[in-house]
Amino acid sequence: MTHLQVNLSENRMRRQKVLRRALSHRSFVIGFVGVGIVLLLAILAPLVTWHDPYAQSIIDRRLPPIWYGWFWDDPLATWNHPLGTDQLGRDYWSRLVYGGRISLFIGLTATLVSGLIGTTLGILAGYFGGRTDMVISFLITTRLTMPVILVALATVALFNSSLMVVTLVLGLLLWDRFAVVTRSATMQVRSMEYVTAAKSIGSSTPRILLTEILPNIAAPLIVIATIEMATAILYEAALSFLGLGVQPPLPSWGLVLAQAKDDIFFAPWMITLPGIALFVLLLSINLLGDGVRDLTSPEGR
Amino acid sequence: MLAYVLKRLGLGILVMLAVSTIVFTLTNVAADPARTIAGEGATAADVEAARIAYGFDRPIPVRYAEWLANVAQGDLGTSYRQRRPVADVVAERLPVTLALGLAAFALALALSLPLGLLAGLRENTWVDRLALVFALVGQAMPTFWFALLGMVIFVVKLGWLPASGSDTWRHFVLPSVVLAYYATPTLMRLTRAGVIEVMKSDYIRTARAKGLRPGKVVLKHAMRNAILPLVSVAAVQLGFMLGGSIVVETIFAMRGLGYLAWESITFSDLPVIQAVVLLIAGIYVLLTLGADILNAWLDPRLRMG
């Protein structure tokens with residue numbers, strides 16, 4: 001019994017040490033807080049907004065954000081619409097908060113799809129090598145050769161531009177980095193002693209792949225997941241901005257930016273705000289990924 | 001060396017075949033070319049007539065084989081929208097995209113090489129931090145938003161640059177900067193990492209120990225070796241820029257391949273879409289092939305393996 005207790009407290013100490021190190025890593029903390037805020041706002045959207053993001057109002061068109069009242073005494077700027085309104089009189093704050101939901105949904109779902117495809121291909125190529133590796137490497141090269149934005153745009157637009165199609169197309173296109181990293185990471189661990197040990201006690205191949213290999217290559221996969229999530233969010237915004245992605249009236253940030261483009265002369269805040277939202281989310285995800293990479297790399301430990 | 005080049009070339013051709021299959025199938029499954037040709041407001045009978053007249057009633061593999069045979073002979077088909085050979089339409093638009101891509105690439109290298117070198121030599125100082133922030137901002141900055149901000153400042157407020165078009169060199173300034181910033185972070189980080197690694201190596205210590213001037217050590221010994229991994233990544237980045245220029249070209253209404261692709265996509269002009277994708281994929285294959293050959297020439301160790 002005493003032995004077990006010692007082990008437990010040792011475990012707890014190690015966990016505390018990991019936590020302390022994570023908390024002292026600046027980019028990890030900033031990224032974590034940034035992603036956390038966007039995630040919370042997206043989940044709590046109905047509680048933190050007080051206007052319907054789709055409700056139009058002809059008399060409230062292009063109201064300026066609240067700081068126009070502070071600095072330029074603009075009487076139109078009120079707390080009723082803290083970030084102003086768009087060209088159809090829709091509340092900008094509500095549209096941006098609900099737009100965050102779209103970005104996060106696409107980022108998470110597309111990454112899940114591409115992660116499944118890429119990890120499966122990579123782990124098979126890395127573990128079996130030989131002919132399997134040749135075929136899968138060829139698939140990876142082919143995928144890398146296709147210009148992603150162009151192919152995504154064409155496919156989404158030709159099928160039909162809906163949230164689901166955009167998400168699926170991005171998921172089916174962005175698996176290459178997962179595959180490349182999983183493949184080389186698997187190659188590194190496949191001849192480790194614990195894999196040989198698992199083989200010698202008669203573990204089945206799927207079991208070895210899932211319980212011996214996968215947990216040991218998880219760290220780089222998490223880093224890739226953050227990169228691909230940022231990429232998927234960025235591409236969705238670009239597709240929607242070009243008018244070939246998510247369709248109106250959905251408040252996708254890229255679409256909101258495209259609609260604000262015509263007001264570039266008179267209402268510059270309308271292109272500034274959605275861009276800042278997108279920039280902050282992408283920056284936070286990238287910082288989080290950098291943090292995870294530093295914290296899990298062997299030198300960092 | 002020749003065997004290596006031939007092997008890589010063969011792989012490139014196979015990859016191009018695979019890409020063409022995917023692109024042809026995808027576009028033809030996604031859109032109905034007969035409907036596009038019959039035009040808007042066409043009746044079901046008109047669409048059916050167009051389908052038979054152009055042979056779209058035959059299965060996709062048959063049409064693919066026919067299309068591929070034509071492409072192999074240099075015939076890329078006829079644009080549905082402009083009713084003239086796709087090769088002419090594409091050739092007209094290629095120079096703008098190449099000029100934009102190369103200008104942006106040169107700018108990206110001119111920014112990222114010195115910055116990466118400086119950051120790597122002065123690791124963990126304020127120069128390094130500043131370069132890191134510059135890279136982080138560049139990675140998170142959506143190209144189209146950066147383009148819009150640039151427009152607000154340099155076109156709307158200051159009036160220094162024209163808003164759209166691709167007629168004079170002034171039209172290329174803003175788009176090149178926007179496109180260059182997209183590629184700079186990757187190149188800069190790689191240069192920095194390469195420099196840091198190389199400066200720790202034995203031959204740098206030897207070069208220093210025998211009393212070479214620091215400038216010479218850095219330029220002749222360190223930079224040359226740090227640049228090796230950069231060659232293939234730079235080729236990939238140039239390929240990405242040519243493919244990604246669709247966003248920039250559309251925003252600035254530049255008459256290049258990207259803008260052509262966007263117009264063709266909104267019009268379901270399949271032969272043009274296929275040709276643009278194939279062309280960009282082909283350029284990418286040639287670029288990576290060139291980078292591999294260059295690397296093998298720079299680093300004899302690769303040639304043997």
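Helices here are DSSP runs of H or I with at least four residues, and strands are runs of E with at least two, numbered from the N terminus. You're looking at a predicted model, where local features need pLDDT of at least 70, side-chain atom pairs count only at pLDDT 80 or more, and totals for chains, interfaces and linings use all residues. Residues are numbered from 1 along each chain as its sequence is written, while chains are lettered from A and ligands numbered from 1 in the order in which they are written.

**Exercise 1.** Find the helix that holds A:V135, and work out whether A:V135 is buried or exposed.

*Solution.* Step one: A:V135 sits in helix 6 of chain A. Step two: recall the cut-offs, counting other C-beta atoms (placed from the backbone) within 10 Å of the residue's own: 20 or more is buried, 12 or fewer is exposed, and in between is partly exposed. Step three: A:V135 has 12 C-beta neighbours inside 10 Å, so it counts as exposed.

**Exercise 2.** Describe how helix 7 and helix 11 of chain B cross.

*Solution.* Step one: axes are lines fitted to C-alpha atoms, for helices over the stretch in contact, with angles from 0 to 180 degrees between N-to-C directions. Step two: the axes of helix 7 (residues 143–157) of chain B and helix 11 (residues 228–251) of chain B come within 10 Å and cross at roughly 30 degrees. Step three: that makes the two helices of chain B roughly parallel (under 35 degrees; over 145 is roughly antiparallel, 65 to 115 roughly perpendicular, the rest oblique). Step four: B:T143, B:F144 and B:A147 of helix 7 of chain B meet B:V247, B:V248 and B:I251 of helix 11 of chain B (contact means C-beta atoms, placed from the backbone, within 7 Å).

**Exercise 3.** Say how many residues of chain A and chain B are in contact.

*Solution.* Step one: 32 residues of chain A are in contact with 35 residues of chain B. Step two: helix 7 of chain A gives the largest share of chain A's side, nine residues.

Note on methods
Contact = placed C-beta atoms within 7 Å.
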